[in-house]
Every structure is written in C-alpha cells, then in structure tokens.
Amino acid sequence: MNLQTSIQIRLPIEGMTCSSCVARVEKALAKVPGVSRAEVNLATEMADVALAPGADPETLVTAVRKAGYKTHLVAPEEKALAEPAADRSWWPVAISALLTAPLMVPMVAEPFGLHWGLPGWIQLLLATPVQFVFGARFYRAGWKALLARSGNMDLLVALGTSAAYGLSIYVLVEHWEHDMLHLYFEASAAVITLVLLGKWLEGRAKHQTTEAIRALQALRPDQARVRRDGVEVELPLDALMVGDLVVVRPAERIAVDGEVLEGDTHVDESLITGESLPVAKGPGQRVTGGSVNGEGLIVVIATAVGTQSVLAQIIELVESAQAKKAPIQRLVDKVSAVFVPVVLVLALLTLLSWGLFTGQWERAVLNAVAVLVLAGPCALGLASPAAVMAGTGVAAKHGVLIKDAEALEIAHRVRVVAFDTTGTLTVGRPTLVALEAVDGDRAAALALAAAVQSGSEHLLAKAVLAAAAREAVAVQAAEGLKVSAGRGIEARVGGRRLAIGSSRWMRELGVDTAALESQREHTERQGQTVSWLADLSDAPRVIALLGIDDELKPEATEAIAELARQGIETVMLTGDSLAVAESIAARLGIRQVRAEILPGDKAGVMGELRAAHGVVAMVGDGIIDAPALAAADIGFAMGSGTDAAMHAAGVTLMRGDPRLVAAAIAISRRTYAKIRQTLFWAFFYTVVGIPLAALGLLSPVVAGAAMAFSSVSVVTNALLLKRWKPGN
C-alpha cells in the first residue's frame, strides 16, 4: 500500500505499562485489514496508524480493546496529543504506603538489634487491601496479557507479589499457634507500593515531556475580534474564514495567519520561531497566528485559518515526530518481545534450583519473586521515546521542527552539509548593482532586460524589474516567454528574440561575450552574479552584462564556523560561476564549492558527497531545492522558503537563520547521547540485577525499588534535555 494515499489515524492507548504492551498493541493493529503501518509510543501512550482509504477506523478501536486496552477515535476538533494517561493521582500511593509502613518496621529495626513485629493476623489485614485493592491493576492487566498469550510488567508483578503473599498465608495457617512468625507480607506490599510510586513519578515525568506540545496548543486563543460590515464581533476560532479582518489589540495573541492591513506594532514570535526579539510589523507584512501583538492596534486580513495555519502545521509536525519511533527503538522492541517469557523461565529455574538443591523452599520462592519483580521491562520501553520527545520538544522551542524520530537519528551522524546559496546563505533579496551595455546605452539595455524578465518570478528577475521601476524605464510587452531551468529566460520583444541568463547558457547558445569579458571578471571578483542579455534574432550577439548582488546573511559566517567546530564539512552549491562562488565561499569560510550546478544536478551531487564524506545534509529554501532535499540523507528547509522545500525536508528551520542547522545537529547528538545512556542503564539494571536476585542477594523489596527507580531515572535523565540551548 502506498503510505502517501493512506489515512493517518492517531489513537490514545490507555493501560500500557511496558514495552511488551507496546508490542501487543502493535501486533493487534497490524492484523487489522487495511493497516500498512502501526507504531505505538509508550511515552506518549499514542498509536500512529496508516489505514487504507475506505477502511473502517472503528476496526482499530475494536482490535485494541480485544488486546486488553482502552482507546477511542480522536475527533478532528479534539487535541491530537492528550496528556499521558498514566495515573498521576497521589492518593492510592499514599494509602498503600501508610498500610505498608507498619509491615516494614521489623525489617528497618532489625539491624539495630530491635525485634519489633506485628501479629500475623494484623499483617494479613494490612497487606490484603494493598495486594487486592491497590494491586488490582496488576491482576487485571496481567490477566489480559495471559488471554492474549503474551506477558508484560504487570504479569511479573502480579505473579511475584502473589507468590510472596501466598507463601505468607501458608506459613500463617501452618503455624497459626505461634505469635512471632516469619512472614513475607512486607515483601508483597512493599513491591506493590514501590511500583505504584514509580508509575506515579514516571507519569509526572512523562507529563513534562509533552510540555512543548501543550505550550504550542496554548498559543491558540479561543476567540478573535473580527470586523464584518464595519462592526466588530467576537467569534470562536472555528468560525473564522480566509479574508476576515481580525482586529488585534495590544498584548493580545494574533488568532490567524495573515497580512497587516492597518497599524504598526512589534510582534513577539518567540514561542513559534525561537526568535527572542520582537519583530517590527506594518502594513503589507505577514504575521503568524499564536504570536503576541506588542504596543499597537493592528488589523490583519486572514490568509490561513484552522489546520492550514503555520501554528497548526507546527503542532502537527511536532506531534508526528513524538509519535514516531526512532530506528533504535525497533531493535529494543524486538528484545522486549521475548523479554517476559525469558524472565518467567529464569524465575522458574531460580525457584527449582534453590528448592531442590537447598531444600529452602521459602527462600526459593522469595528469590524467584525478586527475579520477577526486578525484571519489569518499563525502562527499556521508555528510554528511546522519552528522549525523542524531550529532544524534539526543546528543538521546537528554539525554532527547529524535526519531522520524525528517524530524521533526529540521522542528523547526529551528518558529516557534510551542502548549502544552497540564495535565501539560505544570502538574504534572498538580490539587487541590480551593475549594468554594462556594449553600445553604451544603459537605459535601453535595462528596458530590454526588464521586458524579458517581466513574466518571471525568479529573484534575479525581480531585481531587474525593481531597478527598471526605480529608474522609471518604460518596459515593453514580451511574447513567447520560455524558461530554461537553471539557465535563463527568453522572449520576443518588439520583434527581436532576446535571452537573459548565465554565462554557461550563453556558451551553449553560441553567444560571444568577449566584448565585456573584462567587466565580467571585475564583477565576479566582487562576488556578484553575472547575467547576460543577448539578441538571438539572427547571429547571436551580446547586448549587455548585468551584475546582481545578494547580501550575505549576518549569521552565515558564524553558522559555518559552528559547523566546523562540530567537525562537519560544508559545501556551497550554486548556479553561479566558479569565480563568484569562490569569492562568496572565501568570505564565509567554506572550503568546498560546486559551481554552475543546474537545479536538476543537485540531487546527483548529494550522491557524490555521500560517497566522499558519509551522511550528507542539504540546506535549501526554494522549489528547485526540493529534489536535492529529498535526495540527501536529511534535508534542512528554511521556514521562510516554499512549502515544497519544507515537505521534502526532514527538518524545518522556523527562522531563516543558518545557525539553526548547527543547532539541529547539536540537539540530535545530545538526544542520541541520552538514548544511549538510558538504554545502557536500563540494560544494566536488568543484566546485573537478575543474577543478584537469583543468587539471593536482593530481597523482593530491594528488587521492587530498583525496578521503580530504573523507570523513573530513565525518564528523568531524558528530561535533562529540556535544559539544552543553542550553543551549549
């Protein structure tokens, strides 16, 4: 099935506790007819499903419920990413702890020579509600896992604590006449309490990983003040339409994407673009919904509302990135799929080994319980998604939108970054700074050049037309406009066939440019783009040389330097001549230049760079950059560029600041360092803990504490990413 034509559906999943649950839900969804992809994220408790058009989404809900979990279809107006459904209510943990505390007193007092203890029947009264009321969730989830012929953390906890509780009942009944019995109610109660505490802390921590989404969602005002028929009315956001005049008072949030029609102000766009300084806005300038109006009252004509707005698309991008799995997580899921059965076998071996070889069946049960409890696979399931959520969230806060976890993983392995020039390293507002006519008639040459360019939307064409407008040159109508991509444009003007384009195209057309060759060399040494105006009517001949300059972005040099500090090679791709390209590259500190590159050749250059350097990234902003952005291992699109570029790229930079490329790579490296750390510790707890538990060196209480601590520490470590800032 083609994923492009499938319907993307997101389902909230309630009741998952570990990576084994994730595997079970994914397996259930994958079996539904019409499903081509199903990914479940433990940290967000969301399923991302690609469903064939025409298939019934309710079948997904049925499949999840049959697997033992709760879900529902998300309505279009409902927030797609709700808060994690993990129980963050504190009172069950508190009451369970109060009931468990008296049972733990003998264990705590014994090292001090104090032999305090409660009668067996009191211990039974305290432990029973903990086991079967507060621990009921483990029985329910464990039973559902058994029905599905699977296993999960809940099953391990239920089996382990039931064994300790049952052993205590046996001893109590067998030796009821004794006052001070050695019972194990404290083990079962403490394990349940500690696991509940761990899940509560884990839920709170996971809640923090979605702060970036909630902060973006909070930018949407509930209502907007709209001027209709000369009257201002308050309307809910979903009632707004393109073309509405939205009145925004000082300190209010702008409700729509649009263009300022009246008024002057400064707008705070920090939560959308990461830009800390307010931006001046006046008539004709664009504003983004969700940004905060400053000191002036403005009237904005709406150009995008609802799901078409920039803010809605940002939220969708971040949600999508947080819902997707990193490739490394798929390996972890495969390990987790066999984890619970292996643990059950190890626990059985521990029980039989201790019982048969030592005859101490009580000790055998406790050691088997410790193995079961310690091995809950929560930490493994949380390690990668928690880090990805924190990393993509903090990146979005600073204006870097990462499309998915795979893009995040690739970015940290980038070894070379190729930059398009116009609009990426330069401001993207070319100006005509030189015009040399062969016959010396500059005004006539400018009029002809403007006529040829009058039907083009290219930035260089706009520079010529702007110059003609400034100098009040009369522009004739052009006919038969024909564009040659990456080369130039030709048209008929006043019966003459004229062309304007690059030096390369002039050579292909057989135009002799020797008459202005010295001027070309001088212009290119200045770093200016050279275009030629030629007459192709009879024998091709040159009419004039045009020198066009595009100011370098102030941040470009710093961006290249930062990438160099990260050990990344930079390459400049341009359609300009080698002389112009080398002049610009020298000012920026770029060592590699690929000049006179046609748009269609950029994708091929990506393959050459990959072969020479390894993982390659492409940075661009135009429609013609889209193939190269897609051909690179990862594409970086300037948010100020075109939609085509942003859709082809894996990362969108919300500001036209090339320094964000280095920032995106830095956050990717930091995120994957966190993933490696958390996976190491998750495996460390298990690999070291299980043998210790099997050898009788860990009590069930300590094992329960270790399991709870492992999950909490994994999420907490991932949350340290929230402190990241560009440059650190």
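Let me start with Ala38, which stands opposite Val49 in strand 3, where strands, like helices, are DSSP runs numbered from the N terminus, a strand being E over at least two residues and a helix H or I over at least four. This is a predicted model, in which local features need pLDDT of at least 70 and side-chain atom pairs count only at pLDDT 80 or more, whereas totals for chains, interfaces and linings use all residues. Residues are numbered from 1 along each chain as its sequence is written, and side-chain values use heavy atoms, with hydrogens and water left out.

Strand 2 covers residues 35-41 and is joined by six bridges to strand 3, residues 46-51, the two running antiparallel; two strands are said to pair if DSSP finds at least two bridges between them. Together they form a hairpin with four residues between the strands, and in that turn Glu45 has a positive phi of about 55 degrees. Six of the seven residues of strand 2 are buried, so this strand is largely enclosed by the rest of the structure; buried here means under 20% relative accessible area, exposed means over 50%, and partly exposed is in between, with a 1.4 Å probe and protein chains only.

Widening the view, three strands form an open antiparallel sheet in the order 1-3-2, and its edge strands are strand 1 (7-12) and strand 2, each of which pairs on one side only. Neighbouring strands of this sheet are turned by 15 degrees against each other on average, direction ignored. Strand 1 and strand 3 also pair in the antiparallel sense over six bridges, and within that pairing Arg10 has Asp48 of strand 3 as its bridge partner. Helix 1, residues 19-30, packs on the sheet and touches strand 1, strand 2 and strand 3, and its direction makes about 165 degrees with that of strand 2; such angles run from 0 to 180 degrees between N-to-C directions, with axes fitted to C-alpha atoms, for helices over the stretch in contact.

What is the strand order in the open sheet of six strands? The order is 5-4-6-12-7-10, again with antiparallel pairing. Strand 5 (231-236) and strand 10 (286-287) stand at the edges with a single partner strand each, so one side of each is left without a neighbour in the sheet. Strand 7, residues 257-262, pairs with strand 10 over two bridges, and Gly258 has Val287 in strand 10 as its bridge partner.

Val287 comes up again among the contacts of Lys281, which, leaving aside neighbours within four places in sequence, also include Asp264, Glu269 and Arg286; contact means heavy atoms within 4.5 Å. Lys281 lies in strand 9, residues 279-281, and is buried, with a relative accessible area of 13%. Where does the side chain of Lys281 reach? It reaches the backbone oxygen of Arg286 at 2.8 Å.

Turning to the aromatic residues, a search of the whole structure finds four aromatic pairs, where rings of Phe, Tyr and Trp (its six-membered ring) pair if their centres lie within 6.5 Å, with planes under 30 degrees apart counted as stacked, over 60 as edge-to-face and the rest as tilted. Tyr165 and Phe185 form an edge-to-face pair, 5.4 Å centre to centre with 65 degrees between the planes. Tyr165 lies in helix 6 (residues 153-174) and Phe185 in helix 7 (residues 185-209), so the pair ties together parts that are 20 residues apart in sequence. Tyr165 is buried at 10% relative accessible area, and Phe185 is buried at 0%.

Finally, the nonpolar cores, meaning sets of buried Ala, Val, Leu, Ile, Met, Phe, Trp, Tyr and Cys residues joined through side-chain atoms within 4.5 Å. The largest has 82 residues, and those with the most contacts inside it include Met16, Leu29, Val417 and Val661. Its largest share, 11 residues, comes from helix 24, residues 659-694. A second, separate core of 46 residues includes Ala158, Trp200, Val340 and Val343. For the chain as a whole, there are 25 helices and 25 strands, and of its 728 residues, 53% count as buried.

How values were computed
Polar contact = N/O pair within 3.5 Å; in protein donor to acceptor, adjacent residues only side chain to side chain.
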